[in-house]
Amino acid sequence: MSLRRRLVGAVTGMTMLALGGALAALWFAFNDAQRRQLDRALVELAAQIARETARAGPPPPRLPEHPGPVANDVELPNFTVVYGAGGRPVSKTDAVVEPPPLEALRGGDPPEVFDFDAGGRRFRGVLREVPGGELTVLVATTRADIDGDARLLARAMGLVFALGSLWAAFSASWFVGRMTRQHEALRALAHRVAGGELEARLDESGRPADDKQLTADINRMVERLEHLVRAQQRFVAHAAHELRSPLTSLSGELQRAVARPRAAEEYREAIGEALEETSRLTELANDLLAFASLGTAPGRGTSEVELAQLVDDVFCAVADEAHAAGAALALEGAAPPVFGHEGDLYRLARNLVENAIRHGRPAGRVRVRLGTAPGAATLAVEDDGPGVDPDERETVFEPFYRSPRARGGGVRGTGLGLAIAREIARSHGGDVSLDPAYAGGARFVVRLPLRAGP
């Protein structure tokens, strides 16, 4: 059962329960009031007839036709019987055809006013002892009037209950339909998105302010989800493409090596080329693992990290690559310590320095400048290469992106270094950007917020 039907059923059921309870209480209260009014009239009439019978003395005269008890402004028939010694009827009104036995009325010690059956009819009556004698007076009237009123009221209330229940169901359906319109739209959107329609969105027009805000938030959430899914698809496609090239080269080198007998020097050359492709695969696998595991490793605590010492460690690690490229490494400036994951920050700095070495001019210079900005420490890595084209300033941070110049020039790399650096910086509350004003090559600036340690 849908949420709308459950809500309509719940509201209708509660309304029917409340309406039915109210009508039932009203019915019982009305019948009880009628019964009490009739009982008072019967008690008063019985006392009056008992006094008149006592004044008349034995034997009792023929009973005068007293007006019947009045209940609900209606005079009811008067059924009066006087019983003598031994419970024998000695007098009665003309309305009484067959007096009921006194023993049947007294059986079980009835209350002051009671119901009984006589001659196939239902009566309500009261017994009174006549003062100074052995006579007993029964004053009664039929229940036809009050029972008829009760049945009429029950039918009327049943009709009111039926109409009220129908109206409650209609009103609940209308109100719940309006209230759950947003829910139905969300359900339909979730169904479409789950089915692969990532471009599905909610219509934000014609909605109340609170619904409009919720709609906008959900649309942004779905848009973010679409972006993540598309990015994952691109990531997998690029990863497969990047893995295919070295694997194909490695397989080709090995197949050529075993195609026919070769001299030792030829085998050494083939193995060297295979090792070079294996090294590229290893580098790509390490970058893929680092990129995929950013922010997911448990227990990644923070510590105080000295940026100057971090850069010195990076220079030591890339010294061989810098020497091979003829690049000179330099560190300038100072920066306050930051708090973060030391291993991630080391990888961030190393990726930027390696990128500068590989894209700078031969026998060039790579400079790392430390400094401060409002609320942040800065680390800028500069090279003196050809720089980055204006239309590539954001593209260079995308995973697996390598500029045509880098691919054509045979620059080593996987296209993940800058993407990993930016993700690390953002996971620490900072960012990495390309300085568009730097004209001597490329200048990547890292901003890391200064925050208190744990």
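Student: Which residue stands opposite Ala140 in S7?

Tutor: Phe79 stands opposite Ala140 there. Before we go on, note that this is a predicted model, where local features need pLDDT of at least 70, side-chain atom pairs count only at pLDDT 80 or more, and totals for chains, interfaces and linings use all residues. Residues are numbered from 1 along each chain as its sequence is written, and side-chain values use heavy atoms, with hydrogens and water left out.

Student: What makes S3 and S7 a pair of strands?

Tutor: Strands (E, at least two residues) and helices (H or I, at least four) are DSSP runs, numbered from the N terminus. Two strands pair if DSSP finds at least two bridges between them. Strand S3 (residues 79–83) and S7 have 5 bridges in the antiparallel sense, so they meet that rule.

Student: How do you know that S6 pairs with S7?

Tutor: Strand S6 (residues 121–129) and S7 share 7 bridges, again antiparallel. One of the partners in S7 is Val137, which is bridged to Arg128. The hairpin of S6 and S7 has 6 residues between the strands, and Gly132 in this hairpin takes a positive phi near 80 degrees.

Student: Why is Thr141 called buried?

Tutor: Buried means under 20% relative accessible area, exposed over 50%, and partly exposed in between (1.4 Å probe, protein chains only). Thr141 has 0% relative accessibility, so it counts as buried. Thr141 belongs to strand S7 (residues 136–142), where 7 of 7 residues are buried.

Student: Why is the pair of Phe116 and Phe123 called stacked?

Tutor: Rings of Phe, Tyr and Trp (its six-membered ring) pair if their centres lie within 6.5 Å; planes under 30 degrees apart count as stacked, over 60 as edge-to-face and the rest as tilted. By this rule the count comes to 7 aromatic pairs. The centres of Phe116 and Phe123 are 5.5 Å apart and their planes are at 10 degrees, so this pair is stacked. Phe116, at 8% relative accessible area, is buried, and so is Phe123 at 6%.

Student: What makes Phe397 and Phe444 edge-to-face?

Tutor: Their ring centres are 5.9 Å apart and their planes stand at 85 degrees, so the pair is edge-to-face. Phe397 lies in the loop between strand S12 (376–383) and helix H10 (404–408), and Phe444 in strand S14 (residues 442–449), so the pair ties together parts that are 47 residues apart in sequence.

Student: How do you know that the charged end of Arg422 sits over the ring of Phe397?

Tutor: The rule asks for NZ of Lys or CZ of Arg within 6 Å of the ring centre and within 35 degrees of the ring normal. The charged end of Arg422 is listed as sitting over the ring of Phe397, 3.8 Å from its centre.

Student: Why is Ala363 called exposed?

Tutor: Ala363 has a relative accessible area of 53%, so it is exposed. Ala363 lies in the loop between helix H9 (342–359) and strand S11 (365–373). Its phi is near 55 degrees, a positive value in a residue other than glycine.
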